[in-house]
Amino acid sequence: MSIVEAGALDHVIRFLQSENINLQESATAALLTLSASISNKPIIGASGAIPLLVNILKHGTTQAKVDAVMALSNLSTYTDNLTVIIETDPVPSVVTLLKSSKRSSKTAEKCCSVIESMVGFDEGRTALAAEDGGILAVVEVLENGTRQAREHAVGALLTICESDRCKYRELILKEGVIPGLLELTVQGTPKSQTKAQTLLRLLRETPYPRSEFQPDTLENIVCNIISQIDGDEQSSKAKKMLAEMVQVSMEQSLRHLQQRALVCTPTEL
């Protein structure tokens, strides 16, 4: 019999509600451990623990907040828990924790994981856009986070832009997202690369494909976006990243051709 099935979850929830900081921290850490189990996720979601975790995220100690967002990240992978989580309005507290965390940290990765799940709801998108520096914090993780964190960050921004391009396009563009997206198209995970390219297409002036006389290449898409960016610094950085991206792309193509040549060359008798 598991710990949850033995009734330990009821005690953990009581400790979460305690005014004793040490008990709160211990209970949050326990929920983090329990939430890693697939079989426990629906049970924890139905137990009333999620609103308590969000409360810890708002008012707990630093360590308790970190454990709470990691537990919420675990629980968010079970679809039925998403509605429960969004109803607790977690985004402002998650953004606050993200802004206070190192962008390359595991904490930032889990914050972006929760944000990516929450922006699938209109309430989550609205809350993120309303937070001062909320979208910027996600863009910074896209630039400097772990590989998994960057995947969550670009996924969140893509979901936002796809939901209402007219509403969110400028909000995303003004935070200087282009250099990070360019880097992801070359150096990100396979999912990150695909999402970054899709987001770049959405961010250009027109979302529709170009004619055969103006091919819909990544370079053309980015050049179109760069021409609309306000500020010499952002534009210069984006242009530099584009040049580097093209260079890397050319080097990768050359290596691919060399490998094919080696494969196709008859072996000596």
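Start by selecting Cys111, which is buried, with a relative accessible area of 0%. Here "buried" means under 20% relative accessible area, "exposed" means over 50%, and "partly exposed" is in between, with a 1.4 Å probe and protein chains only. Before moving on, keep in mind that this is a predicted model, where local features need pLDDT of at least 70, side-chain atom pairs count only at pLDDT 80 or more, and totals for chains, interfaces and linings use all residues. Residues are numbered from 1 along each chain as its sequence is written, and side-chain values use heavy atoms, with hydrogens and water left out.

**The cysteines**

Stay on Cys111 and show its sulfur. Which cysteine sulfur is closest to it? That would be the one in Cys112, at 7.0 Å, which is too far for a bond. Now jump to Cys166, which is exposed, with a relative accessible area of 73%. The closest cysteine sulfur to that of Cys166 is in Cys161, 9.3 Å off, again too far for a bond. A search of the whole structure turns up zero disulfides, a disulfide being a pair of cysteine sulfur atoms within 2.5 Å.

**Zoom out**

Switch to cartoon view. The protein chain has 16 helices and zero strands; these are DSSP runs numbered from the N terminus, with helices being H or I of at least four residues and strands E of at least two. Of the 269 residues, 46% count as buried. Among contacts between residues at least 6 apart in sequence, 65% join residues at least 24 apart, where a contact means heavy atoms within 4.5 Å.

**Helix α6 and what sits over it**

Select residues 79-86, helix α6, and color its buried residues: Asn81, Leu82, Ile85 and Ile86. They cover an arc of only 130 degrees around the axis, which puts them on the same side of α6. (The arc is that of the directions from the helix axis to the C-beta atoms.) If you want the reason behind that spacing, an α-helix has 3.6 residues a turn, so residues three or four places apart point the same way. Covering the buried residues of α6 are, among others, α3 (41-46), α4 (49-59), α5 (62-75), α8 and α9 (122-130).

Next, pick Met118 in helix α8. Met118 is buried, at a relative accessible area of 0%. Leaving out residues up to four places away in sequence, Met118 touches Leu82, Ile85, Ile86, Pro90, Val91, Gly124 and Arg125.

**Two loop stops**

Asp89 is in the loop between α6 and α7, and its phi is near 55 degrees, a positive value in a residue other than glycine. Most residues other than glycine have a negative phi. At 41% relative accessibility, Asp89 counts as partly exposed.

Then select Arg103, in the loop between α7 (91-99) and α8 (106-118). Is Arg103 buried or exposed? Buried, with a relative accessible area of 18%. Its side chain reaches the backbone oxygen of Leu98 at 3.0 Å and the backbone oxygen of Lys99 at 3.4 Å. Leaving aside neighbours within four places in sequence, the contacts of Arg103 include Ala137, Glu140, Val141 and Asn144.

**Helices α11 and α14**

Select residues 147-163 for α11, where twelve of the 17 residues are buried. Among them are Ala149, His152, Leu157 and Cys161. The buried residues of α11 pack against α8, α9, α10 (134-144), α12 (165-173), α13 (178-187) and α14.

Finish on α14, residues 190-203, which reaches 20 Å from its first C-alpha to its last, close to the 20 Å expected at 1.5 Å a residue; that expected span is 1.5 Å times one less than the number of residues. Its buried residues are Ser192, Ala196, Leu199, Leu200, Leu202 and Leu203. They cover an arc of only 160 degrees around the axis, which puts them on the same side of α14.

Key: A polar contact is a pair of N or O atoms within 3.5 Å; within protein, one must be able to donate a hydrogen and the other to accept it, and residues adjacent in sequence count only if both atoms are side-chain atoms.
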